[in-house]
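Please read it beside the sequence and the coordinates.

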Amino acid sequence: MGTVEAPEQTSKSKTSNTERITGAEAVVRILIEEGVDLAFGYPGGAIMPVYDSLYDYQEKIHHVLARHEQGASHAAQGYARACGKVGVCLATSGPGATNLITGLADAQIDSTPVVCITGQVASSLLGSDAFQETDVIGISMPVTKWNYQVTRAEEIPDALAKAFYLARSGRPGPVLVDITKDAQFGELDFDYIKCTSVRSYIEKPKLDLSKIEEAAELINNAERPYILFGQGVILAQAEKEFKTFIEKTGIPSAWTIMGLSALETDHPLNVGMLGMHGNYGPNLLTNECDVLIAIGMRFDDRVTGNLSKYAKQAKVIHLEIDPAEIDKNVKTTVAVLGDAKESLTELTKLVKPNSHEEWLQRFRDCDKQEWEKVIDEELHPKSEILSMGEVIRIINDKTGGDHILVTDVGQHQMVACRYTKFTQSKSNITSGGLGTMGFGLPAALGAALGAPERTVIAVVGDGGFQMTLQELATIYQTKAKVKVLLLNNEFLGMVRQWQQLFFDKRYSSTEMINPDFQTIAKGFYIPTNKVTERYNLEAAIEEFVNHDGAYFLEVMVGKENNVFPMVPSGSGVAEIRLE
Amino acid sequence: MDKQEFTITAYTENHVGLLHRITIIFTKRKINIESLTTSESEREGIHRFTIAVTETEELVQKVVKQIEKQVEVLKAGYYKKKEVVQQELALYKLRTDSLTNGLEVERIVREHGARFLTIEKEFVVIEKAGFKRETKALFDELKQYDIVEFVRSGRIAVSREQYGLGKQVEELLTVSQ
Ligand SMILES: Cc1ncc(C[n+]2csc(CCOP(=O)(O)OP(=O)(O)O)c2C)c(N)n1
């Protein structure tokens, strides 16, 4: 082989002239080059040079000072999910960096493009347990798609170029670049070239047309085909191609919580939600379809329930960008690797126009049962006690379904996702994979800043709200028009529900004696209202939705209401309970 | 599915921290790594991981895909026992004065296809390459002479295929140039 030089590890596009600047300034200039005009973060010793440089570029980059780094990380996620751009988040070393970890883990499991930049102690101090030193590279490794520690100013352009490319390409995810303080102070000849490929990384697998043919063959011969779609449709911006595909084939389609809003709620082929608190038909009929077509979803256990009782009768087609997802949980018959947009375009060409009226009717029959046993009462309760569902129903009426829904985690999340009507994509922002309480409020802030033209409604529970409510200050400071709906049941509702159903009603540490949330919101200068009875609910929601600016509405809902249907954990999807 | 011995091979960039990223995949699933070796590969600048595990094939397949998914990994694959030529190296240090019957030790060393790496005034070091069971057999025989130190390297292995993964790495690098 001789002396062949190892080829460049990354390829680059575009060139420019060099200029001598500090590492810190390079960081800011790179953010601008990458199209970042908004970043979330929190300053501290080890990242001060970067903040100092941000001061010079305030016109180009707006820095949002969160009130906790976890808040900054979820805000960056909310921003990315609402507008599709990479979310950026800055923090100092040590506690600043460790506070980011929950956000990174959330972004990792929900494939959200986020670039985190952390300051680090000077390189000469690395490993010495210096003040505010933590091994953020080690700690963040399991929860990042990629991370890198920069110890010299000259490394900054390449490291950040790679960071942005990796965060947004292929299956997106969070990346972290840790920059020592001396690298921020040090100088470099600045020349920024965006990264367009990394030789050891395959952005998207090349489409194998023979797999498309095999998939089409199965679909064309199927009697009861069934589609499960996930966030992959949204991430690939394949909403249009997806709709064309289902309309041509007439296949009933159900969504995972991460796929929600990729297809409008009222579409005749949208049969509803999968999973533990999903709809009755979509779960039950999973075990009756003959061909199961999974598109950009990963068969999370919240979706599949007990795998040994999951769709055993079906041939499975899996359209997926990440080879590691194939056969991870459910064995596929045909795996179509690639970007959902490309795969769906090709697949649509080969499938025959069809309709599955009888099969679709089965879903409608299930809907009817679910309506009678669950939905009607949830949306139009006969009891005097307010339900979460009726609040959501009125919000739908008032917004017409074109708002962005951001939820926290718990019963309110399930109810809001089940009953909100969506008319456009990228409208549901929730912590699906990690189930992070405290996600909702900061993510809504990020969403409101990422999609300022849209109405953003954060639906939160009284438990999760108290995990990150300090971000009300950030909402006040940025004037973000976040509407916060607190569904207060004075319980950690979802856990209480499990205690009621599976632990003999032993309510161990789930009841909360809460603070006065009205006073809290007022303390943050946010207009508030509280509803305890039905007669003024509608007017309050009207005001909530139409108010121009942030607003806090608290609704006291049934303390011991439950979310149904439910697939109890350990059960199969067909064992879904309506009561 | 039954557990069996597998050798996982990964061709990678030489990147600080990649070792940690790869071991995390095993830790997450609580899989015990029997041995792990990294070294240069046949291609300049490309490193090679060799990981020995005893697991079910289904799990090994999943793990290999997750290894290959790491940004700095070029290619990963796995082999069953019969599909590789493998080797381990063991070193045995004995006190020179405990070899009361030098001839006897020499016979053992010869019979096991081992050799004296060094003979000093205070101690001798014996080296043996082979399967674990072979290095273990020598260990058992030398035990009577009081082994002061013993160490065995991780497994290294090359595939019995004509080209193996290296060929695919070659192709990947040609495409990306
Ligand atoms: C950070 C975190 N801690 C704990 C949990 C476990 N958990 C899931 S739902 C839930 C209760 C949420 O209560 P609340 O925010 O009041 O919402 P509700 O279920 O009442 O609507 C808890 C504690 C979690 N998901 N996240």
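The text below treats domains, then sheets, then helix pairs.

This is a predicted model, in which local features need pLDDT of at least 70 and side-chain atom pairs count only at pLDDT 80 or more, whereas totals for chains, interfaces and linings use all residues. Residues are numbered from 1 along each chain as its sequence is written, chains are lettered from A and ligands numbered from 1 in the order in which they are written, and side-chain values use heavy atoms, with hydrogens and water left out.

**Domains**

Chain A is assigned domain 1 (10-198), domain 2 (209-362) and domain 3 (386-556), the bounds coming from an automatic or database domain assignment. Between domain 2 and domain 3 of chain A the centres, taken over C-alpha atoms, are 30 Å apart, and 18 residues of domain 2 are in contact with 19 residues of domain 3, where contact means heavy atoms within 4.5 Å. Chain B is divided into domain 1, made of 4-84 and 156-176, and domain 2, made of 86-152; the C-alpha centres of these two domains of chain B are separated by 31 Å.

**Sheets**

Strands (E, at least two residues) and helices (H or I, at least four) are DSSP runs numbered from the N terminus, and two strands pair if DSSP finds at least two bridges between them. In chain A, six strands form an open sheet in the order β4-β3-β5-β6-β8-β7, with parallel pairing. Its edge strands are β4 (62-65) and β7 (146-150) of chain A, each of which pairs on one side only. Strand β3 (residues 38-41) of chain A runs parallel to β4(A) and is joined to it by four bridges, and Ala39(A) stands opposite His63(A) in β4(A).

In chain B, an open sheet of four strands has the order β2-β3-β1-β4, with antiparallel pairing. There the edge strands are β2 (35-40) and β4 (73-80) of chain B, each pairing on one side only. β2(B) and β3(B) (residues 47-55) are antiparallel and pair over six bridges, and the bridge partner of Leu36(B) in β3(B) is Ile51(B).

| Helix | Lies across | Angle |
|---|---|---|
| α5(A), residues 101-109 | β6 and β8 of chain A | about 145° to β8(A) |
| α1(B), residues 18-28 | β1, β2, β3 and β4 of chain B | about 15° to β3(B) |
| α2(B), residues 57-69 | β1, β3 and β4 of chain B | about 165° to β4(B) |

**Helix pairs in chain A**

Two packed helices are described by the angle between their axes and the distance between the axes. Helix α16 (residues 388-399) of chain A packs against helix α23 (residues 537-546) of chain A at about 50°, with axes 10 Å apart. That angle makes α16(A) oblique to α23(A), since angles under 35 degrees count as roughly parallel, over 145 as roughly antiparallel, 65 to 115 as roughly perpendicular and the rest as oblique. Residues making the contact include Ile394(A) and Ile395(A) of α16(A) and Ile541(A) and Phe544(A) of α23(A).

Helix α11 (residues 239-249) of chain A and helix α14 (residues 340-350) of chain A pack at about 25°, their axes being 9 Å apart. α11(A) is therefore roughly parallel to α14(A). Among the residues making this contact are Phe242(A) and Phe245(A) of α11(A) and Leu344(A) and Leu347(A) of α14(A).

Conventions: Axes are lines fitted to C-alpha atoms, for helices over the stretch in contact, and angles run from 0 to 180 degrees between N-to-C directions.
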